[in-house]
Amino acid sequence: IDRDLRKKLDPRAMSFGREVGRKQMADVTFTLRAVQWLDQNYTFKASYNEQNDPTQRRSTTLVDSVSGRVIAPFDIDTQHDLSARFSVKVPTLLRGLGRSNASSKKRERPVEMDPDERAALGLSASDTSDVSASRRRSPFILRRLAGFLGNYAEPINANWRRNTTGRRFNLVERPSLSYQLGLDDSLQVARAAVGLTNQDSWARSVQREANTGLRLPLGVSAKANVRDQASERSGSAQSRLRVAQERIYPRLNLTWGRADRLPFIKKILNSAQVNVQFERTENREGEGSLKPGKLLTRGTSREMRFSWNGRWRWGPTTTVERVLSSSTSEDFEVVSDDSSLVGPPPLRGTAGSERASTTFSVKYDLKPRSLPLFGKLKSNVTLNFEVGVSNEIRANGTGNEARTPITDQSTFKTQLSLTYKFSENFRGTGNFRWEDNDNKLTDKLRKTREVKFSGTFFLR
């Protein structure tokens with residue numbers, strides 16, 4: 001609590017100035033592990049800032065029109081964060097299901113025989129000796145399958161998070177404690193005035209995410225990720241609410257970490273890795289809700305990425321990457337609330353883009369210990385060479401008309417950059433860049449040539 005002691009300071013009357021600010025924070029973490037194969041973690045954070053210093057206010061003094069007294073309003077900022085994390089240890093669960101119990105071992109249990117079986121064994125009917133037969137218990141086929149999959153499955157991790165922020169101006173009294181801690185969303189406090197520059201704002205985002213994977217033979221691993229994020233925020237007017245949603249499903253990543261084990265490749269490479277990634281994203285935005293009649297924008301995008309990374313036995317590291325991406329989006333007209341429209345609003349325009357790029361890069365670390373002019377040095381030089389080719393096409397359309405290209409360009413780029421350090425007192429960077437940008441629509445070619453060196457010398 002911040003108090004201004006320049007006014008209303010009277011210790012005998014238990015008056016210690018005037019309160020001009022207040023900050024409150026709460027942080028709670030709870031971890032639960034009721035079973036061995038499930039981990040749970042919950043966190044809650046709340047922040048409440050209050051500002052009521054009249055010397056820091058830009059607006060004019062507020063006066064009650066009935067009583068004539070001066071009103072000291074409050075300005076508050078709130079932020080609340082609530083999250084939950086779950087980790088399902090699938091390998092532990094599957095191995096536990098596939099593991100046979102200690103009581104299911106082979107045991108010999110007495111078995112009662114009928115008279116014919118006793119006669120066949122040469123036993124008399126009055127012989128009461130125990131004849132034991134071994135009983136074999138085989139595990140169920142699904143349990144054996146679960147134990148086998150437990151060696152390859154990875155844990156399933158799921159996260160949920162909600163973040164709420166808000167700013168309120170010109171409040172006549174302090175809000176309730178439940179609102180300060182984020183337990184109640186309704187303010188229920190009157191405001192002294194409504195300003196044009198300081199307007200109340202509110203935003204909330206909810207994110208849900210889950211990921212898992214599989215460890216396959218020969219060093220191959222597969223991972224999957226799904227994410228859904230929804231957000232709400234106040235618009236230019238308090239009665240307007242903007243709602244947005246973004247979904248990524250799925251995001252698949254396939255990695256082969258033992259690409260250097262091939263018969264002839266392992267003689268020239270120390271390590272190699274191959275990655276394939278696919279991602280699909282959907283996004284929507286509307287006013288008030290995400291119903292078809294309230295949509296403002298809607299779009300989808302896809303991306304496919306192939307990459308290979310390898311380290312040669314004589315030192316350099318090489319990376320080759322190929323990226324293919326495409327996206328489409330639609331913009332809709334704003335419809336009034338009293339409209340009886342069924343289905344999506346009228347289409348304002350559409351847009352689409354396609355891009356393909358290929359990159360080849362080599363990184364090499366040199367450590368020369370002596371130079372002709374400098375003698376013996378503790379140096380370190382890093383060289384990065386990159387060659388890239390890309391093509392991009394973008395098109396726009398008005399209403400329901402077909403999209404027409406607005407950009408069709410191809411780019412060729414090669415670059416050599418280096419960072420050097422000859423001693424603790426001398427270091428620097430260098431860059432050589434050659435780039436050609438060909439615009440096929442305007443038939444223009446833009447050329448860029450860049451040479452840059454920089455060095456720093458320290459006197460100690």
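Modeller: D39 and R33 form a salt bridge, with 3.2 Å between the closest N and O atoms; the term means a side-chain nitrogen of Lys or Arg within 4 Å of a carboxyl oxygen of Asp or Glu. D39 is buried at a relative accessible area of 19%, where buried means under 20%, exposed over 50% and partly exposed in between (1.4 Å probe, protein chains only). K89 also forms a salt bridge with D39, the closest N and O atoms being 3.5 Å apart. K89 lies in the loop between strand 6 (74–88) and helix 1 (90–98) and D39 in strand 3 (residues 38–51), so this pair ties together parts that are 50 residues apart in sequence. Helices (H or I, at least four residues) and strands (E, at least two) are DSSP runs, numbered from the N terminus. With a relative accessible area of 22%, K89 is partly exposed.

The model is predicted: local features need pLDDT of at least 70, side-chain atom pairs count only at pLDDT 80 or more, and totals for chains, interfaces and linings use all residues. Residues are numbered from 1 along each chain as its sequence is written, and side-chain values use heavy atoms, with hydrogens and water left out.

Another salt bridge joins D81 and R161, with the closest N and O atoms 2.7 Å apart. D81 lies in strand 6 and R161 in strand 9 (residues 156–171), so the pair ties together parts that are 80 residues apart in sequence. D81 is buried at 11% relative accessibility, whereas R161 is partly exposed at 45%. Through shared partners, salt bridges join R33, D39 and K89 into one network. The whole structure holds 21 salt bridges.
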